[in-house]
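The following note collects points for discussion on the structure shown below. It begins with charged side chains and then turns to other features.

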Amino acid sequence: MRWILGVVLLLVVGFFVGQRVPFVQNRVMDKAITVQLTNRGHELLERDALRALLCGTASPLPHPTRAKACVAVYAGGKFWIVDTGPGSWNRLALTGIDASRIGGIFLTHFHSDHIGDLGEFNLQTWAGGRPEPLRVFGPTGVERVVHGFQEAYALDTGYRTAHHSPEFMPPDKAKMLPVVMEDMQDGEQTVVLEEDGLRVLAFNVDHSPVKPAVGYRFEYLGRTVVVSGDTAKSSSLVAAAKGADVLIHEAQANHIISRIGDLARENERPRAATIMKDIVSYHTTPEQAAQSANEAGVELLVMYHLIPPPPVRMMERVFTRGVDEIRDDGWLLADDGLLITLPAGSEEIEMSSR
């Protein structure tokens with residue numbers, strides 16, 4: 001027994017001493033760098049399935065680990081982004097994705113928690129070797145957002161081109177191209193993209209007074225994912241989600257929001273109390289999201305853009321009170337890094353974490 005304890009002690013001492021040895025430090029550093037340089041997300045770009053990665057599940061309210069709203073959809077050998085909330089590029093980059101394989105960005109509306117990382121997505125995919133300007137799809141107003149970010153990053157773009165050379169960082173490839181969608185009537189769906197077997201449709205949602213606001217339906221290899229964007233319970237969303245495999249739907253726990261408002265007033269935070277009161281009307285509760293999923297007949301409901309984002313597991317149970325009574329199976333509360341895979345020629349829904 002003593003010799004075992006001696007070996008363990010020797011290993012522990014060796015571990016701590018080794019951390020101070022340059023040779024050991026260099027070996028560990030090289031390994032870590034090699035992992036970061038490897039495109040570990042290449043399998044996500046395989047053309048055998050429709051995939052969706054939750055790279056941002058929070059809302060404007062703070063959370064220590066969740067990024068703001070962002071969904072990456074993988075289809076046709078590319079990845080497509082729905083909204084670019086603050087922190088979402090960093091979360092996506094941690095998967096080891098080949099940044100040059102971006103197909104485009106779809107914005108649902110122009111609240112800051114849905115567009116804050118647009119400049120980073122453009123910069124990082126350009127630096128990653130994107131072969132063409134970045135298309136940014138959205139409703140009326142997307143051109144203003146794109147031009148604003150383009151101007152905000154103009155000096156940065158010039159610096160990087162001068163530093164690395166125009167051949168390596170071509171300034172014409174650094175551009176974003178706004179693609180403005182046609183205005184739609186409620187209940188109407190319009191095709192905004194057909195490329196490499198992927199079909200994307202847009203539809204209006206109810207986020208009044210934010211107008212226009214839209215959601216997206218992605219169809220690929222016979223599988224379907226619908227992303228709600230921000231909305232109150234919406235009949236147009238239910239219609240667009242009919243028969244989908246997965247509905248990725250925003251969720252706001254109004255019973256928690258009301259309590260935050262009450263406590264804000266008690267603690268003399270009137271502005272916070274007013275905001276909590278105002279936001280109740282233009283989001284969907286978890287119970288309502290479950291109702292919409294049932295009405296649309298979707299297989300899996302994934303709740304994201306969580307307001308407020310639960311800080312601990314116990315609060316997740318508080319957040320989803322009442323959902324089981326409406327939909328006893330086929331739903332979950334998403335966390336950043338959730339990967340949903342829908343294989344072609346199958347009804348399977350595979351889930352993992354990245």
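1. In this predicted model, the side chains of Lys-78 and Asp-196 meet in a salt bridge, with a distance of 3.6 Å from N to O. The pair links distant parts of the chain: Lys-78 belongs to strand β3, whereas Asp-196 sits in the loop between β7 and β8 (198-204), 118 residues apart. Asp-196 has a relative accessible area of 40% and is therefore partly exposed.

2. Lys-78 has another partner in Glu-195, and here the closest N and O atoms are 2.8 Å apart. Since Glu-195 lies in strand β7 (residues 189-195) and Lys-78 in strand β3 (residues 78-82), this pair ties together parts that are 117 residues apart in sequence. With a relative accessible area of 19%, Glu-195 is buried, because the term applies under 20%.

3. Which residue forms a salt bridge with Arg-66? The partner is Asp-335, and the closest N and O atoms are 3.5 Å apart. Arg-66 is placed in the loop between β1 (49-56) and β2 (70-75), and Asp-335 in the loop between β13 (331-333) and β14 (338-343), so the pair ties together parts that are 269 residues apart in sequence. Arg-66 counts as buried at 5% relative accessibility, while Asp-335 is partly exposed at 30%.

4. The contacts of Arg-66 and Asp-335 belong to a network: salt bridges that share partners join Arg-66, Arg-313, Glu-316 and Asp-335. A search of the whole structure finds 15 salt bridges. As background, side chains of opposite charge can pair when their charged atoms come close.

5. Aromatic contacts form a separate topic. The search of the whole structure finds six aromatic pairs. In one of them, the rings of Tyr-74 and Phe-79 have their centres 6.2 Å apart and their planes at 40°, so the pair is tilted. Both residues are buried: Tyr-74 has 1% relative accessibility, and Phe-79 has 0%.

6. One aromatic cluster is formed by Trp-80, Phe-106, Phe-137, Tyr-216 and Phe-218.

7. Helix α10 (residues 270-279) includes the buried residues Ala-273, Met-276 and Ile-279. Viewed down the axis of α10, the buried residues fall within an arc of 140°, so they line one face of the helix.

8. Against which elements do the buried residues of α10 pack? They pack against β11 (246-252), α9 (254-266) and β12 (300-307). Pro-270, Arg-271 and Lys-277 are exposed and are carried on the face of α10 turned away from its buried side.

9. Val-24 is a residue of helix α2 (residues 22-37). The relative accessible area of Val-24 is 33%, so this residue is partly exposed.

Terms used. Residues are numbered from 1 along each chain as its sequence is written. This is a predicted model: local features need pLDDT of at least 70, side-chain atom pairs count only at pLDDT 80 or more; totals for chains, interfaces and linings use all residues. Side-chain values use heavy atoms; hydrogens and water are left out. Buried means under 20% relative accessible area, exposed over 50%, partly exposed in between (1.4 Å probe, protein chains only). Helices (H or I, at least four residues) and strands (E, at least two) are DSSP runs, numbered from the N terminus. The arc is that of the directions from the helix axis to the C-beta atoms. Contact means heavy atoms within 4.5 Å. Rings of Phe, Tyr and Trp (its six-membered ring) pair if their centres lie within 6.5 Å; planes under 30 degrees apart count as stacked, over 60 as edge-to-face and the rest as tilted. A salt bridge is a side-chain nitrogen of Lys or Arg within 4 Å of a carboxyl oxygen of Asp or Glu.
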